[in-house]
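Trainee: I am new to this structure. Please show me how to read its features, one at a time.

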Amino acid sequence: MRFRPTEDQRALRRGVRELLEARCGRDALRARGARIDRALWRELGRAGFFSLRLPEAEGGAGLGLPEAALVFEEAGRVLLPGPLVATHLAAGSVPGAADGTAVVTRVDGGLVPWLEEADVVLGDASGAVPVRSVDPLTPLHRVASGPPGGPEPQAVPPSAVLLTAAEQLGSAGRTLATAVRYAKEREQFGRPIGAFQAVKHLCAGMLVRTELARAAVYAAAVTADPVEIAGAKLLADEAAVQGAGDCLQVHGGMGFTWEAEVHLHLKRAWVRAELGQPAARSEEVLAAAL
Amino acid sequence: MDLACTEEEEAFRAGLRHWLSTALPALPPRPPPGDWPARRAHDRAWQRALYDAGYAGVHWDASPTRRLIFLEETEEAGAPYVGANFVGLLHAGPTIAAEGTPEQRARWLPPILRGDEIWCQGFSEPDAGSDLASLRTRAVRDGDAYVVTGAKVWTSHAEIADWCELLVRTDPEAPRHRGISWLAMPMDAPGVTVRPLRTLAGSTEFAEVFLDEVRVPAANRVGEENDGWRVTMVTLSFERGTAFAGEVVACRRTLAALARTARENGRWDDTVLRRRLGRLNAEFRALWRLVQFNVAEAEATGGVPGAGGSVFKLRYSEARRELYDTAAAVLGPDALDLSRGWTIDRLSSLSYTIAAGTSQIQRNIVAERILGLPKER
């Protein structure tokens, strides 16, 4: 059983992490706001972020969904903004997507992220109206969609769902690490708050959800099975949303401030939970497979 | 990163599958839960069959992947799990293998593998549960024996066991963890009294064991005197590692049966219930993947399953309770009928967040050993 990242895959993950951490610091993120940094987008393109899964003959790296999942996990960890999944999936079919010279978005359920910044919009975005997006780093438009739980008129492909889940996994890992670091540093009653079981058990719960989601996301990346992908999305959404909420709680009053990073993770996790296949849809897919 | 097995592993699976197809039809039906002598005979016969076929030591010396294949295939085939051999195969045996002398290994290990001798576990006490290191059962050296007095509790299979792996206090003056020794106690020794405890499910799955000046030969001590805590902890993670892996397979089968029942009785049309079943499908699929992930990790690092087993146990024990609560929602009023198997299973599922270390203790382990948070004291 070799169900763990190989040496090459770990090296890829390290490389992506170094690149992203240098570009997505807290201040850089906030300075850009809801705009796409075109220079960074092209740099991502040059680094193979979008063309990763294209055959080498077409300028890609010839890698698979497992590698893409590891890369998108890193993107989620640092809150990398932009329609990353849509552009990645458009590589090879939309000119400019692979090398990062084009920004591609898609209609996803009843939402269109990054509509005004995108060069190409996949799906029918006619009549889209702007939303005051809860996530300050993800502009959103609304388009008409069917009743909740009904068949999704503009459903996204399973690989897009999986990569969105991978981003959620990265976010869950980051909020866990942030909460643990704070719990070790912050002292009350003369000791680090992480020494108290009430705080400790919150953190343990975050780890359990993250590790279960990791096993689900990695396995779904290997099998590419739509039912397994639905399960991965469901569990990764849970890990990201609840993880950010618990991280906020561990930070106490600081967690409720605009200054702290945690609200950005929570809001992005909410957005991603709606994109790519929301929980109700995933649960129906999983129920139907029983 | 992949989920495939090697050719050798697939050959192992095929061989096992073939053997199960011939061995299982020859196995007598499982005796009723209350008939302990019959259960002992049944579990011994199954272990003997495994021994004769060369599978007896799979929990000890097979690679983690082969162990997982064994658990998966035996469960898929509906074969018995370790049953009364649990302690012998999954704790006492591995402890003796790791820490015993050559004489001790030769005396105790072959009978465990053959299914000849059944072991039970004398760890918890009325005043030492989660805080196991506070145990007070005393062992006083008298010549070539220890004289043991005290009480143990939650001892599964005590009524039918030949041996008990016993933790005793040999130095009451030493710091808590350093005054404990590990003894193999014959259950037929004078002074041993077993009193079965009735569980909330109505059965007698475990017992209290009272020890009144029981003489245990000093030669039955595994490890050094006062080193019993370390001796025990070496293999305790076995219980939390892959010991429950087969049950995940069984839970997935139960879930499929729940879906069938719900489709038949019309409750499938209840959107809330249907989605709850869908969520459980994600849960148990992912738990199986988590087992595989932990096994791959153990294989790569060459160690026994570590704290990752606690992560699995925490989530699995909760998922199992949710599974049988959902079964009750599928059954409706029938969930109150004890003649329905799922009703008994629902009651039994309540023990999973308690046995083998409560969820609260597991969260401490996870927070301190994996996340590195400071100890409470």
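Mentor: Start with one residue. Ile118(B) sits in the loop between α6 (102-114) and β1 (119-122) of chain B. Keep in mind that the model is predicted.

Trainee: Is Ile118(B) buried or exposed?

Mentor: Buried means under 20% relative accessible area. Ile118(B) has a relative accessible area of 0%, so it is buried.

Trainee: Which residues does Ile118(B) touch, not counting residues up to four places away in sequence?

Mentor: Among them are Arg40(B), Arg44(B), Ala84(B) and Asn85(B). The list also includes Ile160(B), Ala161(B), Asp162(B) and Trp163(B).

Trainee: How many Å separate the C-alpha atoms of Ile118(B) and His157(B)?

Mentor: They are separated by 8.3 Å. Along the chain, the two residues are 39 residues apart.

Trainee: What about Asn294(B) and Val192(B): how far apart are they in sequence and in space?

Mentor: They are 102 residues apart in sequence and 40 Å apart in space, C-alpha to C-alpha. Asn294(B) belongs to helix α9 (residues 271-301) of chain B.

Trainee: Which residues is Asn294(B) in contact with, leaving aside its neighbours within four places in sequence?

Mentor: Those are Gly308(B), Gly309(B) and Phe312(B). Asn294(B) counts as partly exposed because its relative accessibility is 21%.

Trainee: Now a loop in chain A. Where is Ser51(A)?

Mentor: Look between α3 (38-46) and α4 (65-77) of chain A; Ser51(A) is in that loop. Its relative accessible area is 7%, so Ser51(A) is buried. Residues up to four places away in sequence aside, Ser51(A) touches Gly59(A), Gly60(A), Ala61(A), Ala91(A) and Ala98(A).

Trainee: Next, backbone angles. Which residue other than glycine has a phi near 70 degrees?

Mentor: That is Asn226(B), and the value is positive. Asn226(B) lies in the loop between β8 (221-222) and α7 (228-240) of chain B. With 21% relative accessibility, Asn226(B) is partly exposed.

Trainee: What is the phi of Ala356(B)?

Mentor: About 55 degrees, positive although Ala356(B) is not a glycine. Find Ala356(B) in the loop between α11 (341-349) and α12 (359-370) of chain B. Ala356(B) has a relative accessible area of 24%, so it is partly exposed.

Trainee: Let us step back to whole chains. How many helices and strands does chain A have?

Mentor: Chain A has ten helices and seven strands. For chain B, the count is twelve helices and eight strands.

Trainee: What does the radius of gyration say about chain A?

Mentor: Compare the value with what a compact globule would have. For 290 residues that is near 19 Å, and chain A has 19 Å, which agrees. Chain B has 377 residues; the globule value is near 21 Å, and chain B agrees at 21 Å.

Trainee: What are the spans along the principal axes of chain A?

Mentor: The C-alpha trace of chain A spans about 60 × 45 × 45 Å. For chain B, the C-alpha atoms fill a box of roughly 70 × 45 × 45 Å.

Trainee: Which feature does UniProt place at residues 120-213 of chain B?

Mentor: The unreviewed UniProt entry gives "domain: Acyl-CoA oxidase/dehydrogenase middle". Over that span, the chain is 0% helix and 51% strand.

Trainee: Which residues of chain A does UniProt list for "domain: Acyl-CoA dehydrogenase/oxidase C-terminal"?

Mentor: Residues 163-269, again from an unreviewed entry. That span is 78% helix and 4% strand, with end C-alpha atoms 13 Å apart.

Technical notes: Residues are numbered from 1 along each chain as its sequence is written. Chains are lettered from A and ligands numbered from 1 in the order in which they are written. This is a predicted model: local features need pLDDT of at least 70, side-chain atom pairs count only at pLDDT 80 or more; totals for chains, interfaces and linings use all residues. Side-chain values use heavy atoms; hydrogens and water are left out. Helices (H or I, at least four residues) and strands (E, at least two) are DSSP runs, numbered from the N terminus. The radius of gyration is taken over C-alpha atoms; the globule rule is 2.2 Å times the number of residues to the power 0.38. UniProt positions are given in the numbering used here, feature names are shortened, and annotations may be inferred rather than shown by experiment. Buried means under 20% relative accessible area, exposed over 50%, partly exposed in between (1.4 Å probe, protein chains only). Contact means heavy atoms within 4.5 Å.
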